[in-house]
Every structure is written in C-alpha cells, then in structure tokens.
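Please keep the sequence and the 3D view open while reading.

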Amino acid sequence: MKRISTLIAGAAFATAGLGIATPASAATICFAFQDLETEFWVAGHTAITRTLEEAGHTVIERNANEDANRQLEQVRDCIAQGVDGIIIIPQDGESAVTIVNEAQDNDVPIAVFNRPPSDLSKGIVVVADNASIASQAVDFLAKEAIASRDGDGKLTPMIIVGDLGDPNAVGRKDGFYAALENYPDDFNTPIEVASDWDAATALANLEAAVTANPDIDLLFTSSDFLFPTIRSVFEPRGMWAKRGEEGHVVMGGLDGDATACQLLKDGYIDSTGVQDLYFEAEAALSAILAAIEAGEAQPNEVIEDPGFALTSANLAEREMDMWGCVLLSEGFLDQ
Amino acid sequence: MTTLLSFQDLRKEYFGVPAVRDLTLDIRAGDVVGVIGENGAGKSTLMNMVGGVVQPTDGEMRWQGEPYRPRSPGDATARGIAFIHQELNLFTNLTIAENIFVDQFPSRFGMIDRPAMRQRTADLLQQLALDVSPDTDVDSLAPGERQLVEIAKALHRDAELIIFDEPTTSLTPRETARLFETIERLKADGKTILYISHILGDVKRLSDAIVVLRDGELVEQGAAADFDVPAMITAMIGRALGGLYPERTSEPRDDVLFSARGLTQPGILEDVSFDIRAGEILGLFGLMGSGRSEMARIVFGLDPLERGTLALQGRPLTGGVRQRIASGLAFVTEDRRAEGLLMDAAIADNLSLVAIEEFGRTPLAFLDKTRLARRTGQMQADMLIKAGDIRTQPARALSGGNQQKVVIGKWLMRHPALFILDEPTRGVDVGAKFEIYALADRLAAAGSGVLFISSELEELTGMCDRIMVMNRGEVMGGFDRAAFSDRDILAMAFGKRVPADEVAA
Amino acid sequence: MTDSGPRATVSGRDEFPAAPSVRQRAMRLFLSDYFVLYLSLAYFLVLVPFLPTLSNPANLANILSNMWPLLVVAVGQTFVLTIAGIDLSQGSVVGFTSVIGAMLLATSASPDVLSNAPIWGLIIDEAGGPLANVPGGVLVAIVAMVAAGAMIGAANGLAIAHFRMPPFMVTLVTMIVISAFAIFLTQSENIRNLPESYIQLGKGDIVSVYFGEQAESRIPRRQIHSFITYPMLIAVSVAILAHVLLNSTVFGRQVFAIGTNRRAAEISGIPVRRVIVLVFTISAICATIGALLYSTRLEAGRPTLGDGNFLLDVIGATVIGGTSLFGGKGKIIWTVFGVFFFVLLSNTLNLMNLSSFHIDMVKGAVIVAAALLDVLRTRLIRGEAS
Amino acid sequence: MNGSARDRATAVLARHGTLLLFLLIIFVFGTQVPAFIGPENLGNIIKQASFIGIAAVGMVFVLLTAGIDLSVGSVMYLGPLIAGFAMRDYGVGVAGGLVVAVAAGAVMGSINAFLIVVLKVVPFIVTLSTLFFFRGFGAYLTSSRQFDFPEEIRTFGLSSVLGVPTPILFFAVVALGAHVVLSRTAFGRQVYAIGNDEAAAAKAGIRVGRVKAGVYVTCSSLAALAGFVLIAQIGRLDTGFGEGREFDVIAAAVLGGASLFGGVGTAFSAVIGATMIQAVKIGLVFTGINLYLQPMLQGLIIFAAVFLDSLRASRLEMLRRRFIRPR
C-alpha cells in the first residue's frame, strides 16, 4: 500500500519540481494546510512539500481538517518546535490574520498561500481572488450561452453552490452573480443548488433541480470536483453533449483540475477558473526562503495571482499554465 | 423412587465468602420439594448452580446418576432442567411463541417455521389452560399469564426438573390457584419440582418434601407432613419467632386524617370514597386488576383524576407529586426496583432522596454534608438496615427486605402524615417482613395514617384496623377488625357487594 | 454518587510502607479516580525521550492553552451525560454565540464582506456593532451571548423534559437549525475587528515566564511563555463551579438521581423537568463560554466554529474521562483528565510529524487502547466490590 | 362519552402521525410545484433516499440491540475504495467490486464487533475510534486524493432493470431482505430479544455475543454497500465522501421509529425515515427556497416529526393502560 501512494506522488510531480534556489543552510519549514480533500489542495501540497524536500529542507506537515481552531493550535505547536518558517494554507481569511500575528509575534517568518487573509499588510501573502476568477470563468460562459441562444427568451442559469460554511464557496458564488449582472436582460434569476461540498448531496439536489427546471442554459459549479456528479445527472437526460452537439449545456467550473482539463479538451465544458498554482507555490517558497536566509523575522509582501479562466477559446495557448492540465499530461487520470 | 439430582459436599464461595457450605442432598424424581430459608440462606446460589448460572467452587452434582457440571444455562436446559426465575425471563417485545422458542427456533430453509411454532405453542398453552393466541405479544399479558408462558417454555423443552423461584409474588389469588393446579398436573405427569417461596403456607400445601437452608447449610429436611408453619420458621431463623405479626400497640384516634370523596376516573375508578383516621392502618384488598394500585397512584398525583376530592388533615390535596409530598403524603410503590430505589446509587443517597432539599443551605443550596451524614446514619440505625458503609454501598447490594426498609426510610425523613404502602412485603423474607409490619405499627402509633395495600389477605387481617375491598374500580365494602373473615373478604373481592356505609363511616 | 475514590489512593501513593506489594500499589493506581490522569502522564513520559519538544515550556503552554476551551464545553456535556442525555447542539451553540458576540462588539466591518448579511444595517455596519467602543460593552455582549445560549439550551430541555422527546433527536435538530441560522446571519462570513479588551479574554496573559538570558534588552516573544492566562482563569473557574454544583449542592444530587432512575426520582418528588431543563441550559451556557474563548483566540465571530469533528472531541473526551453515556455516573474531575488526555493526544500526534494520512489512524487506535484499559479497570473494580 | 369520536380521531392522528406528516409534506410541496409529485420525481426521491436508506437499514439492526455505530460514514468511504482498488488493479469487474465492497464492510464490522463483543468496550467509543481509523486508512491508501473508478461502474450505477433504477432495486432488496431476516429468522428475533433485555437473553441461552457481532457486521456491510451503490452513480470517490453521514443515518432510522434504547424498530423504519428526509430536501430544492433557509426548514420539519412521534408514544402508553372497567 505504501508503494501505491509513493508511486502516485512520484508520477504526478516528477516534472513539477519548482526551480527554487537552495539557501546556504537547510531550514525546517512548517507547512500547515487546511485540508487535502480536493485535487487542488493535494496538488498544491505535493508541489510545496516535494520542492522543499528536494532542496534539502525539512518539512513538518500539519493538516487542520477544515478546523480553524485546530490550525491555530497546530501552528503554535510548530512555533514551539522552533521551526525556521511557516507556510499556511488557511481555512479562511479571518483565521489567517490571527495565525500570521501569532507567528510574527514569535519572530517566525510566515507565508500565506492561496487564500488571502483579511488583512494583507502582514506576512508574505500570495493572493488569489476566488470571486474574480469565478467571474472571469462565468463571463465566458455567459457570452457563449448568449451566442448560442435560439429565440430571444431569457436564459436560465444554474449554480452549484459549495458549503455555505466555507467563505470560499461564497466568494465563488459572488463572482458568478457579479458576472451575470453585466447581462441583466439575458438571464433569469439563477437557480441555486446546494452541494455542501459533498458529491452525494450534490447528486441528489442537482437531479431534483434539473427535474424541476429541465430547461437550463448555463451551469456553473463552484468546484470542478463535481463534474463527474453533473455528468451522472446530465447524461441520462441527454444534456451531456459536446460543444456544437445537440443538448450541450454551456458549463464551467472553478479549480482547474485534471478532469476539467480533459472535459475542456473533449468539449463537454466551456471554461474553468484557474488559480495559477505553480506560480503561487513558487512565489511563496522563494519569498519565505529568502526571508529565512536574510534573517528577517517579519517579512511582509503581497504577491498577486490574478488567476485566469481557461476556456475553449484560449485552451491551446494557456493549457500548460493550468495545473490540472499539467497533471493530465503526466497521465494523472490513467492509473 | 429414584434419585434425580443429588448434591455431594457442594460448596460455592464468592470472593472467599461461602454462600453454600458443603451441602449434601438428594432430590427424588417425581417429588415437589419445597426449598425455604431466609434471604441469604443460599437458596438462590444453590438453584443458580443447578441452573448453570454459576459454577460450584467445590463438591459435585449428579444428574440421573451421572456427574453434572453445567457451564452455562444452556447446559442445564439441554439436560432437562428448567429454571423459572422470580424476575421472568421473557422478552416483552416478542410474541408468546417466539419467547418459547427464542433460543432454538424451528427453521425451514433458514426461515423460522412459523406454522410449526404456532401449533406447538397452541398445544402447550392448551395444556396450561391459557386461552390466548400464540402470536400475542407478551407485553400485553398479565403477570400470571406471563408466568404460564415461562412454564410453557419448560414444558416445551420437556424438562424433567422445573425450578420455581418465588413464582407467586406478582400473581393474583386466582392466578396463584391456577399455578398450583398446574404444578399438581406437572407432578402427575412425573415432573420433579423445586419450589422456592417465602409464603410458607403455599410451600407446605404443595410440597412432598421440605428442605430448610440457613447460612448456606442444610439445617433440616423431611416430609412436608412433618412440618407446620411455626416449625418451618423456627428452622429457618434458628429460633422461635413470637408470631408472624407483631402486636398492634395503639388504637386509631378519632380524628379523620385523610378523606377521599367520589374519586372517578373513567375506565379506572368509579365513585371511590373512604376515610383514614390518624393512627389507623387501613388495609386495601382486591384482586389484581381491582384498581387498588391505580387508586394509590391517583391519590399520589401520578395519574389523572377526572372527578372527586381528596383532603389530608383537612386541607384539599391537589397538584402534582411534589405538592402532595409537601402536603404530607408518602408512597412506597409496588415496584421497588423500577420506581422505589436508585439501585446503583449509594444507600445514603437513596435515604436522602425525598428530603434532599431540606439539606440545602442558601444561597446556592449547598449541601450540609455533615447533617446529611448524621441524618442518614440515624435513619439506618432506626430502620435497622443491615449494610456496610451506606455512603458507598449501592442499594442493589442489599437484600429485598433491607431495600424495602431503605424505601420506607427515605419517606420517613420527611415525617409524612399518610403512608401508602403498596405490596410492601413482596419478595421480602420472613424476618424482614416482621420488621416491616412492626414499622407500620410504629407509624400508626405515632399518629400517621397507613393505607396498606396487599394481595396477601393474611397479612392484612394480621395488621390492619380495618380492611376495605375493591373490585373493578369500585369500593365494594369494608370490615372492621372484629368482623374480619377470610371467606367474606374474598367473596367481596370477587364481586359480592356489601352496604357501603360500613366503610365510609 | 458519593465521593469515595480519591482518599485511599492519594495516601497510598505517598507512603513507602513494607505492607502493600508493588503489585497492590500498581493496582490501586490503576483503580483510582485519577487513572486517566496517570495514563496521560505515563503516555507523556514514554514519549518525551522520542519527542524532546514535548516537554518544552512553549509546548506545555500550548497544551494547556488548547485545553481550556474544550474543557469548558466538555464540562457542560458532563452534566448532560450524567442525566443519561446527550447534547449534540453544543457545537452549533459555539458558532452561533460567537457570531452574536462579534456582531455586537466589532469595532468596524467591511461592506464588501457583510453587506449581504441580514444583520447588515440592522445590527452592524461600517462603524461596527452597537456595543463597539461603548464602556462596559464587552460585559453586555457577554451577557447577551450567555442569554442567547441559555435560551437554546432551555428550548432543548423543554422539548426533552415536557414532551419526552429523545435528547439525541432534539439536539440533532437544534444543531442543524442553529448552525444554519448562524451561517444565515452573516451569510457565511466571519466577523472581525473585535475590540482588544474582548480578545484579551481569549489570549491575554496574566503571568508569563521567561526562560532566556537575563541580560537581553529585548526579550524575544518566543521565549516568553504564558503561564497564567485569562482562558485558564475562566476555564478553571467554570470547572470548579461545576464541580461544586455537581458534588455539593441539592441540584447535583438531583442530577445524579435522575440519571440513575428517572422514574424513581419523579416519584420521590424530585423536580425532574426543572432539573432537565436546567442541565441542558448549563450545557449550552458552557458551550457559550467555550465560544467566548474560541472566538477571541481566533479574533473573529465564526458561524462555523464548532463544526465537524468538534462534537466528537467533546463527547469523546468526556467519555474517556469515565462519565457514562447511560447516566448516573459522572465527575468534573474525570472530564478534566479526559480533556487533558485528548489534547495531549492531538499535540503529540502533531509533534510526531506523522504524515497527515496516519494521524487519524493513530488517533483511533489510541482512543480504543485507552477505552480498553478502562474496561479492564472497571472489571477489576467490580470484582473487588462484589 | 361524547368525546369518543374526537378520541378516535386523535388516536388515529397519534398512531400514524409521522406518516400523515409525510403525506402532508408531499401534498404541500405538490401544490407549490406540481412536478414534485410527478412519477419521475417520486422515483428520484426514493432513488436518492437509497444511499442513506440502505445504511439506515443496517443501523436499525444495531439500534435494536441498544448499540450505536458512528463509523458508518467512514465505512461508506473505505468499503467502496477497497472495491475500487480491486476493480482497477485486479480487474474484478463491477459485480466483483460489489462483493469486495460488502466483504470489506464485513471486515470493518468484524473489527467493531471484536472490540465490542470480545473486548467489551462500549459501542460508542469503539465506533468513534474506528470512525477515525477507517477514514485515516482510506486517506493513507489514496494519499488523500480522489479515486476514479473504471468507467463500467457508471454503466452499472445508472442502469435500470425493467425501468427500475438500480439504486432503488438495491434499496428494495436490502429492505425486504432485512425485513425477512428481522421478522422471520432466529437471528432476527434474537436481535429483538437482546434489545429488550440483554441479561435475560444470555440467561435464556441465546448466544448474545454472536448475535451482537452479526449486527455490527450487517451494519458495516450495508454501509459499504450504500457507499458503493452511490459511488457507482458518480464513478469517483472523494476523500470527504461519507463524512458526518453517521448522523443522517441514525436520524433516518430513529425518525422512522427505531429507538436508541433498543428492542423497537423495523427494517421499514429506515425506509420511511430516509425517504421522508429525502422528500423534504428535494421538496426544498423544488420550491427554490433560499439556500440559507433550507437547512433550517429541514430541521424544523424533522422536529415536527419527532414531536409527533413523542405524542404518539405517550398516546400509545395511555391506550396500553389496562382499563379495569368499561369507560
């Protein structure tokens, strides 16, 4: 069993090593992440740990299991252990601020990866804005849907919402609404479907929603991991079709995972919002290692990741910027 | 006749303390053997060894001449020994048929063969003259009927030896009579019976032979004809007891302490009226289902009352249980384990339960632990409760008699004016029974009223100043001490009416 | 129900008499009320050689500080379990009341984040909550939180006591409804910018210890270790109060009586319904105080505080301590040890640098091992008693 | 008495309260959105209820013995996962995968049973720790990544037999099978006996340990089956799959009438409970009520059902009371 897990990690990231300069001395880095339940976080987690280990640093991992309090406790444990630096993927922006303060009070440099703290002035912060990325992806979907409309009735959009307890889910939902607001005359009030970030719940609710509203024109899922679920509901109803084929529903998501990349290539979906995972990881690592090298205890820096939407239109040129496509090209879905 | 079961130097110790000491005894096939003794004399331990519930420390048992070493109740069952426990071993959520077959269902293709099971059960029930369907849930059976189901279970297993442990404690006189008929019939069929009971009259009547145990030893055995009740008691307690009942030490006073007028609850009570005077012990007799316990529960405020009034010491009695306790009521219920005691809590905690609020000191009702310890200790001494450290020993560890004394003691802590005692001597041995009777007398002498509910007519005639009889939720009449007659009282309990004025007066 | 255990063991530990053999003394240790504490200490001592950081002052301070909020909540659960109930709604009360406190106290709020929320404009706006910068506002907010928590607990208790609804289902429904309501109030967002005086309650030190060189002019923060903190003070007070309440008051006796035999307690005139309502109210108030500590250390009101496995931690710690799920058996001191054990367990699992994939497995195994020891112990106690 | 008609009406209401509430819910949603009571949607409700329902049938076995199983959510994850490895790495096919999933569930159930029956640790603690252990083991096997099943599993999951979707078929077979086992076999009746009085069951010669072990094995096997049947519809297993589902499963069983204190409940309790909860959830989706309000409404409806049930219980107690004279 051990063999299996190593193989997976090895295959996925053999070429994904990031070009990070090795500091003079090996450092101990605490890597505290909120969870590993989606491909994106697993990919990010592996990119960071492997890069650090290959560069000869010691990595201490902490998984908070989506519990902000536990993450705070874990970071404190790390500080007590005397680590040289901390990288966190926080549960949310608010707890991130508290944790950054905790680290800086104790003179340990800290970088926040991917999810922005509410207060950007402290710590090394790599920012990706869920709302703006979602809005980029949905904007493309809206244009596609309008372009392929027959007749002039309003279009019916549907969104699969994540766990309402997760601010990221709300950010993505806000981005969706923000994008549709630009086309007030073309869309009906969106139909919201709860998923609680759970495939079984999404399956039940989406099936019910589609039964209640058979004529939807646009679907946005707040996370790419739900595409297989969507397919299960759409396929029997003849709604799972490629672009240009009869029954195609304009569809997109957010995350940019390998499945989404494959579906985009095959033409089943039209866009996905992507955070530039490798850029973010590389930037965060370089910054924190530089700070450790320089003996800086409270490095503050904001690194912005604008993210982008990978769409059927820009697939060819930007494919390899999306982490999911990189995974896909390494045979991620073939095992 | 041949020996069915024999014990040779049988011994059982619990943590080094012997419960049965080197007992040697033969049980002849076809006999009804009465086993008597006080609680703790070793009856239960002996029977548990026979039934495979516990294993002997030393010595030997032989069954039909073969060495017999049951490791589990199943072993005993397999040999043809059936054990009918005092607390029936029935599953109330299953049917009669399922209860009888619960450890070995007849099966066909992996499914229970219901028709076969039903047929067999119907036959057994017919033998026992129990006229209910095999598919009846045990939940809806009366205690006497449940007992018959246990016996049906024994018959089904074709048991050679049937052990009855206190079988009549929850039976009505009629059900008891039916049980005795059944036992006679079993005997006629050649079954051997071990009959354990505190009701010595029954033991004498039923048995061919009687075995008396005391402190784990066999102290006497012989033909039943050679024993009379006083002799049995003497053998059991090792000394002669003055009598079964203490002398009453006081007369009822004239003032009415408690009065009930026109108590009516549809389906339960109809126009029940009676008085209890200060210092009086009023007996309440009735068959199971006559409404005696139901009335007690209504008086205590546990069950609703549609019409009628209650007054204690001239003040109307209303409200819930708490209010009635505050007014001076006390209720010793018939179900000591489920309703009377916190079995797993310490004796002291049980004793202080009713009066606990009196031990609170302001502001936050902090317990006055010193006073609490003193009062509970005092109560233990007053009530002659035989126990170790009452602050740690759980009520569960006490004998039935001592448990009942704890229940009465907890009420005494609040000095109630009227005691309702519902079957207070059920499952209590002879010595403790006497103490409970004496206690009732003491309460009366101190001016309290006592409503003494019992299905043992003998103890009512022995203790009460007056006996009131109920039938089907109505008061049928009453008798003054001078007019007590077993025959008349029983006749009334079966429904023969007597002018009501004799009671309410 | 009577406090009996400690006496024998404590004295037995200090003496070095010829009389009791090693085996007997080990046995006494094993059987004492303090068993879970000994177990935790043994676990600690065994691991120290392998995890040197475990005994660092900083780490010890962490273990303690992680203990306090969980302890407060578990104390409430102890009351409920003792009456043979269960309270699944504690986690949702933590989330909900943390929002209540934060929306009253926040000194400012961003419309970008909260303008969609139903409380926006009604209770909170750019200038913060109604109690922001009001003298004594923190106290008022805490009173409001406790009142809100108490109301939820009382509602649980009323449904359970008066309608005889099963506690499991009632509190499960409360959990669903209250946590949804909290999320609804802020529309999933967290409320930040809490006043410093409030945050002090969750983070503030009263006494700190410095282990470094004396001469240094600027003491690095990482060498100052919290020793006595506000959360400690709050949690210990709650625990002591609860201990007194359960052990030394009429109410405590009534709680045990109901847990042992509700029917008998009713017939003996114990105000059963009132006690049940009070017990669930206490449980919710403890959850509220837990909310105070959790939300101030995270410096935010969070509707999702207390989600997920939090509840399992609370009940698990209480039961490992020795309180029975079947009622009639519970002690605050047991819960203190149970919580200590759970927190120590998480801490050591963190320090072992296990891959996150292994942590859950080890955690499961250790819980079972502890429970096994307890089974063995109970069997021995029964054996000795009867 | 003139109140007897009213009495009878309240008796009917009390006795069938949960069912009536269920019908009322369907009616109310139906009037809001007629499509809700269309055959397609009613079928969907049962299909989607099958996931929690199958597991809840297993939970009924455990609850009947007055036990509890908190590990079902993790078993739902680990069972199908092991089946997935078997299918992908050893090519066992869908039917084989199904067998492996159930067998894996049985093994997990045996672990629970061993700890509960042999080592005598209370079920709550045992299953709490295996909840962590099983999920941790799954995360270890996958390095916390999602697991994609071979494509053929979806063909199976989305198939139907004679127009009946496979999940419904499994649900029906499991419920009927459990009903037969519980009501027609020695094992089933002994389960009830143990829940009624475990000590008496031991005295009566029932092999209590064996029956209890059977109960936990059944529960875990069905939980694994439930997971497999659901995953078969999606084709992908995420690491968080099944998390927190233990509460849904227990709630479904209890809502349908099973008691947490043992001895009461039937296989159909689980069916009714699970279907009712699912009907409410889907009804809320149909009416398009604000997502934030949905869980609150859901909770309130469940509360109403539990409330009615407690009324029913006290009413039944009144009816059970032996009347000793004509009313």
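This is a predicted model: local features need pLDDT of at least 70, side-chain atom pairs count only at pLDDT 80 or more; totals for chains, interfaces and linings use all residues.

Chain C touches both chain D and chain B. Carbon and sulfur atoms give 86% of the area buried between chain C and chain D, and 62% of that between chain C and chain B.

**Chain C with chain D**

- The contact involves 39 residues of chain C and 37 residues of chain D.
- About 3,600 Å² is buried between chain C and chain D, with 86% from carbon and sulfur atoms.
- Three residue pairs are in polar contact across it, both residues being at pLDDT 80 or more.
- On the side of chain C that touches chain D, the elements giving two or more residues are helix H8 (167-186), helix H14 (310-321) and helix H16 (356-385) of chain C.
- H16(C) gives the most to that side, with 13 residues.
- By class, the side of chain C that touches chain D has 29 nonpolar, six polar and four charged residues.

**Chain C with chain B**

- Here 26 residues of chain C meet 34 residues of chain B.
- The buried area between chain C and chain B is about 2,400 Å², and carbon and sulfur atoms give 62% of it.
- A salt bridge joins B:Glu339 and C:Arg263, with the closest N and O atoms 3.4 Å apart.
- Twelve residue pairs are in polar contact across the interface of chain C and chain B, both residues being at pLDDT 80 or more.
- Helix H10 (230-248), helix H11 (250-260) and helix H12 (262-267) of chain C are the elements that give two or more residues to the side of chain C that touches chain B.
- H11(C) gives the most to that side, with five residues.
- The side of chain C that touches chain B divides into eight nonpolar, twelve polar and six charged residues.

**Domains of chain A**

- Chain A is divided into domain 1 (2-126 + 276-304) and domain 2 (130-274 + 312-322 + 325-334).
- The domain centres, taken over C-alpha atoms, are separated by 30 Å.
- Domain 1 and domain 2 of chain A each give 13 residues to the contact.
- They bury about 1,100 Å² between them, 52% of it on carbon and sulfur atoms.
- Across this domain interface the rule finds zero salt bridges and zero residue pairs in polar contact (both at pLDDT 80 or more).
- Helix H1 (2-13) and helix H2 (39-54) of chain A each supply at least two residues of the side of domain 1 that touches domain 2.
- That side of domain 1 of chain A has seven nonpolar, two polar and four charged residues.

**Domains of chain B**

- Chain B is divided into domain 1 (3-237) and domain 2 (256-496).
- Their centres, over C-alpha atoms, are 32 Å apart.
- In the contact, 16 residues of domain 1 of chain B meet 16 residues of domain 2 of chain B.
- The area buried between these domains of chain B is about 1,300 Å², with 64% from carbon and sulfur atoms.
- Between domain 1 and domain 2 of chain B the count is zero salt bridges.
- H6 and helix H8 (229-237) of chain B are the elements that give two or more residues to the side of domain 1 that touches domain 2.
- That side of domain 1 of chain B has seven nonpolar, six polar and three charged residues.

**A sheet in chain B**

- Four strands of chain B form an open sheet in the order E14-E13-E16-E17, with antiparallel pairing.
- Strand E14 (269-277) and strand E17 (315-316) of chain B are at the edges with a single partner strand each, so one side of each has no neighbour in the sheet.
- Strand E13 (residues 256-265) and strand E16 (residues 307-312) of chain B pair in the antiparallel sense over five bridges.
- B:Arg261 has B:Thr309 in E16(B) as its bridge partner.

**Salt bridges**

- Over all chains, the structure holds 62 salt bridges.
- One of them joins the side chains of B:Asp158 and B:Lys191 (3.6 Å, N to O).
- B:Asp158 lies in the loop between helix H5 (143-156) and strand E9 (161-165) of chain B, and B:Lys191 in the loop between helix H6 (173-188) and strand E10 (192-196) of chain B, so the pair ties together parts 33 residues apart in sequence.

How values were computed. Residues are numbered from 1 along each chain as its sequence is written. Chains are lettered from A and ligands numbered from 1 in the order in which they are written. Side-chain values use heavy atoms; hydrogens and water are left out. Contact means heavy atoms within 4.5 Å. Buried area is the accessible area (1.4 Å probe) that two parts lose on being put together, summed over both. A polar contact is a pair of N or O atoms within 3.5 Å; within protein, one must be able to donate a hydrogen and the other to accept it, and residues adjacent in sequence count only if both atoms are side-chain atoms. Ala, Val, Leu, Ile, Met, Phe, Trp, Tyr, Cys and Pro count as nonpolar, Asp, Glu, Lys and Arg as charged, and the others, Gly among them, as polar. A salt bridge is a side-chain nitrogen of Lys or Arg within 4 Å of a carboxyl oxygen of Asp or Glu. Domain bounds come from an automatic or database domain assignment. Two strands pair if DSSP finds at least two bridges between them.
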